[in-house]
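Subject: Handover of a structural model

Dear colleague,

Please find below the structure I am handing over to you, together with its sequence.

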Amino acid sequence: MAERTDEQHAQKMKKKQAAHDRIVAGKTVEKGLLIVHTGKGKGKTTAALGMVVRAIGHGRKVGVVQFVKGAMETGEKAVFDRFPDQVEFMAMGDGFTWDTQNRAQDIASARKAWDQVKRMIADPAYHLVLADELNIVLRYDYLPLDEVLAVLKAKPEMKHVIVTGRNAPEALVEAADLATEMTLVKHPFREQGVKAQPGIEF
């Protein structure tokens, strides 16, 4: 009986493989993607940094600009600083908006960070550009959404750009090739009083 079950399983997997191979064979387009990670759940930046690691592994050059982080030392910056020829990592934020309590300063910092993102998008040396927490900047109207969309829509054809942060504008999600919403199910900060820890949150 077990042998017949194993054979049935093998046949089922063979059919799945054939169906998958047919689907993959029909996907022939290669292009630079606009990727958006949003939602209230943890993991938006973490997932984006995973793509950065993949790009490094393939010998590609990557630009990372962080719009909020900057006031603290993070594990990701410590790692990527070891790859100076492949990663330009710019933590340009002043902390969360409730830390600065200065709208003019936040707008000025957002503009400086956005200028770096635009430079990297325009530079053919960069395979991938990560605009980390850009959605937060857009939510508070620190940058004009129309300007950001215009730059992203006009990016070079093979350039990959990732935008992270909660509350992604609907127009940005519509413009994206790939949009993922992280859903909060459980979080120890809320439910157990566990503080942010090195290697997990930063």
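The notes below set out what was found, beginning with the chain as a whole and ending with single residues.

Please bear in mind throughout that this is a predicted model.

Overall architecture

The secondary structure of the protein chain consists of 9 helices and 6 strands. The C-alpha trace spans about 70 × 45 × 35 Å along its principal axes. Of the 202 residues in the chain, 37% are buried. When contacts between residues at least 6 apart in sequence are considered, 79% of them link residues at least 24 apart.

The sheet

The chain contains an open sheet of 6 strands, in the order β3-β2-β4-β5-β1-β6 and with parallel pairing. The edges are taken by β3 and β6 (178-181); each has a single partner strand, so one side of each is left without a neighbour in the sheet. On average, and ignoring direction, neighbouring strands are turned by 10 degrees against each other. Helix α5 packs on this sheet and touches β2, β3, β4 and β5 (160-164). The direction of α5 makes about 165 degrees with that of β2; an angle over 145 degrees counts as roughly antiparallel.

With strand β3 (residues 87-91), β2 pairs in the parallel sense over 5 bridges. Strand β4 (residues 128-132) also runs parallel to β2 and is joined to it by 5 bridges. Gln66 can be followed into both partners: it stands opposite Ala91 in β3, and its bridge partner in β4 is Asp132.

Packing of α5 and α7

Two packed helices are described by the angle between their axes and the distance between the axes. For helix α5 (residues 103-122) and helix α7 (residues 145-153), the axes come within 11 Å and cross at roughly 15 degrees. The two helices are therefore roughly parallel to each other, and the crossing of α5 and α7 is left-handed. On the α5 side, Arg111, Trp114, Lys118 and Ile121 take part in the contact, and they meet Glu147, Val148, Val151 and Leu152 in α7. By class, the residues of this contact divide into 5 nonpolar, no polar and 3 charged.

Helix α5 also holds Ser109. This residue is buried, with a relative accessible area of 16%. Apart from residues up to four places away in sequence, Ser109 touches Met92 and Asp94.

Residues with positive phi

Most residues other than glycine have a negative phi. Glu133 is found in the loop between β4 and α6 (134-139) and counts as buried at 12% relative accessibility. Another is Asn167, where phi is near 55 degrees. Asn167 is found in the loop between β5 and α8 (170-175) and, at 39% relative accessibility, counts as partly exposed.

Two further positions

His127 is found in the loop between α5 and β4. What separates His127 from Val62 in sequence and in space? The two are 65 residues apart in sequence, while their C-alpha atoms are 5.9 Å apart. Leaving aside neighbours within four places in sequence, His127 is in contact with Ala55, Arg60, Lys61, Met158, Lys159 and His160.

Glu191 is found in helix α9 (residues 188-191). With a relative accessible area of 48%, Glu191 is partly exposed. Beyond its neighbours within four places in sequence, Glu191 is in contact with Val185 and Lys186. The C-alpha atoms of Glu191 and Val24 are separated by 42 Å, and these residues lie 167 apart along the chain.

With kind regards

Conventions
Residues are numbered from 1 along each chain as its sequence is written. This is a predicted model: local features need pLDDT of at least 70, side-chain atom pairs count only at pLDDT 80 or more; totals for chains, interfaces and linings use all residues. Side-chain values use heavy atoms; hydrogens and water are left out. Two strands pair if DSSP finds at least two bridges between them. Helices (H or I, at least four residues) and strands (E, at least two) are DSSP runs, numbered from the N terminus. Axes are lines fitted to C-alpha atoms, for helices over the stretch in contact, and angles run from 0 to 180 degrees between N-to-C directions. Angles under 35 degrees count as roughly parallel, over 145 as roughly antiparallel, 65 to 115 as roughly perpendicular and the rest as oblique. A crossing is left-handed if the near helix is turned anticlockwise from the far one by less than a right angle, and right-handed if clockwise. Contact means heavy atoms within 4.5 Å. Ala, Val, Leu, Ile, Met, Phe, Trp, Tyr, Cys and Pro count as nonpolar, Asp, Glu, Lys and Arg as charged, and the others, Gly among them, as polar. Buried means under 20% relative accessible area, exposed over 50%, partly exposed in between (1.4 Å probe, protein chains only).
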